[in-house]
Amino acid sequence: MIALPVVGVSAVDLTLRSAELTPGQSLSRRIGAADAVIESPGLDSPILQSPDAERYAPVGGFEKYRPDPDKKDGALKAAVPAGAEAVQDSRASIKVHTRHGLLDTQLRELDVHHPLTRGLFTPLRGRLPQGPGEVIATAAFLEHSGLYVGSSVTPRGATAPYRIVGSYERPSELARDELLALPGTLLLPLDRALTATGAPGMNVTDAFLVKVGGDGFTWNMVKEANAKGALVRSRAVAEHPPADAAVPLYAQEPSQRFARPGLDGGRITEKAVMATVVGLALLEVCLLAGPAFAVGARRSRRQLGLVGANGGDRRHIRAIVLSGGLVIGAVAAVTGCAIGVGLTLGLRPFLEEKIGSRFGALDFRPLELLGIGLLAVLTGLLAALVPAVTASRQTVLASLTGRRGIRRANRILPLLGLLAVVGGAAIALYGTRYRVSPTVVAGGSAIAELGVVALTPVLVGLFGRLGRWLPLSPRLALRDAVRNRGRTAPAVAAVLAAVAGTVAVSTYQHSRDVQARHEYVAELPAGTGLLSANENSAHKEIPAARETLSRNLPVAVRADVERLSVGNPNCESYATSPGCGRVELIVPKEQRCPLYESEHGPADFPKEEAKKLRQDPRCAMPRRMGVSFQTIVADERLLRVLAVTDPGSVAALKAGQPVAFDRRAVKDGKITLRLITDPAAAQKAAAVHAELPGQDKVLTVHQAPEGTDSWGVGVVLPPSAAKAAGIATAPIGSFFSLETAATTEQRQRLDGEIDRTGADVRVTVERGYQSDSTIGVLALAVFAGLVTIGAAGIATGLAQADSEADLKTLAAVGAAPRVRRTLSGFQCGVVALMGVVLGSAAGILPAVGLRLTQEREQRSLLERAVEMGYSSPDEPLYVPIAIPWETLAGLLVLVPLGAAVLAAVVTRSSGALARRATG
């Protein structure tokens with residue numbers, strides 16, 4: 001019992017320490033054997049960066065930053081110091097054909113034979129690529145794709161397959177799906193193949209591994225590269241970082257920009273949960289181990305009596321029992337640490353796979369392992385303390401004859417327990433309201449639980465008053481438990497500890513689940529779904545995917561939808577390549593949000609004015625962040641699927657008139673659609689908030705009633721209106737409603753057919769809020785049941801050791817074997833029931849403390865949002881405290897019943913007769 005937590009804690013300690021990379025190890029996995037890696041920050045201007053390259057900002061700040069569309073490629077290469085040795089690392093993402101369908105995969109070109117790449121990847125099988133047509137794949141890609149070394153793989157759009165000649169892994173990204181080829185053999189040919197078909201080319205991101213020699217890539221060299229718009233990760237800077245005063249970024253940007261608002265962005269709650277769980281777990285171990293030592297002391301009371309008969313006093317008795325606790329604690333410490341280390345070594349590959357990163361090295365921390373061992377020894381001593389004191393108070397005659405003696409009730413202990421409950425609750429609440437501290441919350445909860453433990457003898461006595469309403473057998477068991485509170489109280493405390501922790505975590509998790517259900521915003525009406533293309537280039541695959549959908553799901557209504565298209569239909573919406581274009585829904589100038597029409601955005605407005613404008617309806621943020629179509633082409637069936645029942649809107653679409661749901665886009669009953677044929681010029685205009693160049697199409701629309709929920713759709717054009725306006729369309733998907741809920745088999749069959757066709761589409765069905773905590777709560781309940789039954793088993797052993805004479809008397813007077821079993825079963829069940837009831841009450845406090853901590857944290861976030869104008873002061877804060885009644889009911893019924901049955905089964909039905917002690 002003591003060794004088990006030691007096993008877990010020592011294994012976790014070694015795992016976390018081994019997985020925690022040193023700065024040098026982490027950097028080597030990112031830059032290999034190079035002195036630095038030069039990367040693009042995605043900004044078209046000089047930047048300022050932190051020494052670790054994790055934070056950066058454009059010179060002048062993000063508020064005044066504007067992208068430069070005219071900036072030529074090659075700026076990154078210009079940041080490479082003259083005379084330095086450099087290796088280019090190019091990456092892009094695309095879907096790759098696999099045995100199961102399509103898989104999002106990162107394609108990478110790198111000279112894998114160059115010494116600077118050593119440490120970036122670890123070869124596993126096969127060989128490295130030697131020329132065109134050859135790639136190596138990560139082990140994760142091979143597992144997910146169903147391919148193997150020696151098979152062929154074809155990126156989507158490629159004109160020829162590539163042969164996989166080897167496998168490798170990236171030590172810090174074991175789950176990465178990636179294909180790696182030599183420079184110029186993968187990305188460039190694929191880009192040419194895509195552009196030849198009219199599809200957008202590859203979006204390649206470059207980086208350079210650099211070796212400069214000497215003192216390495218110094219901080220001054222980093223700042224020179226920043227001036228050219230490059231981000232640098234330098235080994236020399238990481239090993240010898242500059243002072244904060246020498247970092248221009250810290251002088252420009254306020255420290256608040258790098259801090260997460262609202263009490264460290266949720267970390268306080270995480271720490272509070274962790275501290276509470278760990279604290280209650282340690283307390284549970286002590287309370288569970290205490291009765292176990294008590295059982296041993298009761299069974300060896302004759303030996304302890306012989307010690308007293310031969311001249312030993314109470315100190316010797318206490319020393320003997322405490323020495324047993326010390327020895328057991330030491331053995332548990334050594335055994336537990338050894339098993340924990342052994343488990344970590346044996347399960348290292350599995351742990352690394354779960355973490356997603358290889359260990360840097362096995363990092364043994366002797367002091368930490370010693371501390372864990374000392375904690376086990378201390379637990380053994382504390383658990384043996386009460387049994388030692390109790391055994392020392394037994395008279396020699398009572399110990400030798402087996403008499404229980406007469407014990408007077410302790411009147412001070414219940415008073416101390418009541419003070420501990422009140423004081424612990426006050427401390428925990430103080431930690432949530434005034435000093436948001438995980439230690440205070442955990443400490444207060446532990447003190448309160450110890451107070452309930454101290455009150456257990458009194459509470460057991462109160463339970464005895466319920467005996468008058470019970471049948472004979474449970475009444476006798478309850479009265480026996482009440483009369484022998486010395487053995488019942490520790491056993492009830494053990495069960496209490498086991499249940500309290502589970503109730504605390506279950507209540508906290510259930511409360512979070514209730515809050516998430518309340519905050520959930522559906523993307524579509526219940527029972528409806530959307531088939532949509534992941535990319536515009538998949539428009540040719542949509543018609544076949546629609547038929548596949550109708551064949552495999554019980555579709556009631558299917559509304560096929562298309563998008564407005566300008567130029568090459570394969571282009572993405574905001575692509576700037578030649579031949580691409582798009583259609584923009586133009587909001588009238590007076591109906592646009594002023595915050596985003598100014599040159600530098602909100603930074604151009606005084607704080608109070610910006611706060612006021614954020615509450616302006618023109619600046620309102622969309623309530624629903626999922627499905628979003630600015631304009632869409634469909635008929636009236638779309639309104640049926642979206643549950644839009646306005647007769648005017650339905651009639652307008654039937655008559656060929658567009659319907660507008662976004663009131664900001666409508667002026668005098670008309671909307672303006674702008675056909676943009678020069679997306680590069682439009683990008684330049686958008687950068688300075690100028691009017692986008694293009695041809696306008698003004699259409700008369702029907703304005704849907706205010707408050708109509710369009711589920712993210714702004715304007716619906718019937719096909720005839722789009723045709724009359726001379727605007728081309730391309731398939732984008734289908735909205736659909738279901739006659740009945742789709743079964744798992746139907747979804748699997750649909751997904752399988754789509755995968756086999758290789759269509760780049762996705763299907764989503766609105767099923768409402770789906771809780772992800774049910775399995776976790778169920779697992780906690782099962783764990784609590786097992787631990788509680790184990791604790792109740794200890795209680796049974798303690799009861800049998802204390803009432804052995806009574807059981808032998810039952811056998812002597814001819815009682816049937818089932819009487820002995822029944823008595824033990826009811827004794828165990830009564831103890832388990834009392835422990836579950838008290839544990840359920842004691843477990844509520846930690847959960848309340850954790851939820852109040854979370855409420856304080858979220859209130860701080862809300863206050864900050866109100867201060868900046870993003871939220872209204874009237875917006876309610878909903879952080880409920882919900883009791884998981886189903887879990888509690890299961891604990892109250894199943895755990896005592898299981899404990900009683902188990903005790904009855906394992907109890908011996910007969911025993912040797914013995915002379916009853918008399919006198």
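**Salt bridges in the predicted model.** This predicted model holds 34 salt bridges.

**R156 and E541 join two loops.** Their side chains meet in a salt bridge, N to O at 2.3 Å. R156 sits in the loop between β8 (152-155) and β9 (162-169), and E541 in the loop between β13 (528-533) and α19 (542-552), so the pair ties together parts 385 residues apart in sequence. R156 has 15% relative accessibility and counts as buried. E541, at 23%, is partly exposed.

The N to O distance is 2.6 Å. R170 is buried, at 10% relative accessibility. E173 is partly exposed, at 28%. Through shared partners, salt bridges link D89, R91, R108, R170, E173, R176 and E178 into one network.

**E352 and R358 pair through their side chains.** This salt bridge spans 2.7 Å, N to O. Both residues are buried.

**Helices α11 and α12 cross.** The axes of α11 (residues 314-346) and α12 (residues 348-355) come within 4 Å and cross at roughly 70°. The two helices are therefore roughly perpendicular. T344, L345 and G346 of α11 meet R348, P349 and L351 of α12. The contact comprises 3 nonpolar, 2 polar and 1 charged residues.

**Three strands build an open sheet.** The order is β15-β18-β19, with antiparallel pairing. β15 (582-586) and β19 (695-700) are the edge strands, each pairing on one side only. From one strand to the next, the twist averages 30°. β18 (residues 670-676) pairs with β19 over 6 bridges. L675 stands opposite Q695 of β19.

Terms used. Residues are numbered from 1 along each chain as its sequence is written. This is a predicted model: local features need pLDDT of at least 70, side-chain atom pairs count only at pLDDT 80 or more; totals for chains, interfaces and linings use all residues. Side-chain values use heavy atoms; hydrogens and water are left out. Axes are lines fitted to C-alpha atoms, for helices over the stretch in contact, and angles run from 0 to 180 degrees between N-to-C directions. Angles under 35 degrees count as roughly parallel, over 145 as roughly antiparallel, 65 to 115 as roughly perpendicular and the rest as oblique. Contact means heavy atoms within 4.5 Å. Ala, Val, Leu, Ile, Met, Phe, Trp, Tyr, Cys and Pro count as nonpolar, Asp, Glu, Lys and Arg as charged, and the others, Gly among them, as polar. Two strands pair if DSSP finds at least two bridges between them. A salt bridge is a side-chain nitrogen of Lys or Arg within 4 Å of a carboxyl oxygen of Asp or Glu. Buried means under 20% relative accessible area, exposed over 50%, partly exposed in between (1.4 Å probe, protein chains only).
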